Amino acid sequence: MEEKAKKKTQRQIVLRTLLSFLGFAIFIAGATFLWFKVKNASTDRGIRGGVQVPLRKVLNENEQVFNKAFRKKHLAKEFPKSEAAKKVRVNGNIGLRASLNNKNWRLNVIRSSGDTLKLTLADLEKLPKTEVIFNFKCIEGWSQVSHWGGVRFSDFVKAYHLEKQASKAYIGLVTPDGQYYVGIDMESAMQPQTLLCYEMNGVPLPLDQGYPLRLIIPVKYGIKSLKRIGDLSFSNERPPDYWFERGYDYYAGL
Ligand SMILES: Nc1nc2c(c(=O)[nH]1)N[C@H]1C(S)=C(S)[C@@H](COP(=O)(O)O)O[C@H]1N2
Ligand SMILES: [Mo]
């Protein structure tokens, strides 16, 4: 009786060991299979390889979740003026390399195809000015509290009767030379902290910080705050986006 029980226990130990090895092997095989599947999946856009479709799907799903969870009333935290940096970091000069033709510069507001409103900096300075001091965050890992001034995008829409255009899903911004471009969902664009910005620390923007006009959008990473705006357009499809084409999340929200 004793012997029989002992043998039975031993058989059970062997069986369980075999089973757990088998389970482990299946797990490794499955993980390897998935890894290769994702690795060899086609990518979304060609530039520098883009992002594999399954990974892009995850990014898009994350975007949906963040959209639902945080959008509606989400504002970026604001700071007192005393905390704003005096020496403001400069990052990225794509679209700023050509010299600026100051006299000829206009903000081209493409209301519909063949109907473009051309505005000077003086036109924009006539509109109510809003200032925002927030922690500017770059995806490269730095952040800095900085102080910006300009016209709220939503005030600009009202002043120029662009409500019909603003009922579309996105705005697209492009530098005058077409080298840098971003797309922004309308809800974030119409958020009260989003500025068509012409001042930094109370003085006109320096050239390398986007003079004469840049976007400041505190609810998103710095990649979306396009410097030196040339064209502004409206669409229901996602406008082209420079860093999205290079594998970053389109939404780039905080
Ligand atoms: N035209 C243009 N705008 C741009 C960029 C760029 O390379 N070109 N870089 C973006 C990035 S990645 C960041 S973090 C911010 C930096 O703004 P700053 O130079 O005023 O700090 O600008 C954004 N806007
Ligand atoms: Mo950035």
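A nitrogen atom of ligand 1 lies 3.0 Å from a polar backbone atom of Ser225. Such a polar contact is a pair of N or O atoms within 3.5 Å. Oxygen atoms of ligand 1 also meet backbone N or O atoms of Asn91 and Asn93. This is a predicted model, where local features need pLDDT of at least 70 and side-chain atom pairs count only at pLDDT 80 or more, while totals for chains, interfaces and linings use all residues.

| Residue | Ligand 1 atom | Distance |
|---|---|---|
| Asn91 | oxygen | 2.7 Å |
| Asn93 | oxygen | 3.3 Å |
| Ser225 | nitrogen | 3.0 Å |

The protein covers 98% of the 530 Å² of accessible area that ligand 1 has on its own (Shrake-Rupley method, 1.4 Å probe). Around ligand 1 stand 20 residues, and Arg89, Asn91, Ile94, Arg214 and Lys227 come nearest. Here a residue counts if one of its heavy atoms lies within 4 Å.

Now the sheet. Five strands form an open, mixed sheet in the order E2-E1-E10-E5-E6. Strands are DSSP runs of E with at least two residues, numbered from the N terminus; two of them pair if DSSP finds at least two bridges between them. The edges are E2 (115–119) and E6 (181–185), each pairing on one side only. Neighbouring strands are turned by 20° against each other on average, direction ignored (axes are lines fitted to C-alpha atoms).

Strand E5 (residues 170–174) runs antiparallel to E6, joined by five bridges. Tyr170 has Asp185 in E6 as its bridge partner.

Residues are numbered from 1 along each chain as its sequence is written, chains are lettered from A and ligands numbered from 1 in the order written, and side-chain values use heavy atoms, without hydrogens and water.

Technical notes. Helix = DSSP H or I, 4+ residues; strand = E, 2+ residues; numbered from the N terminus. Axes fitted to C-alpha atoms, helices over the stretch in contact; angles between N-to-C directions. Polar contact = N/O pair within 3.5 Å; in protein donor to acceptor, adjacent residues only side chain to side chain.
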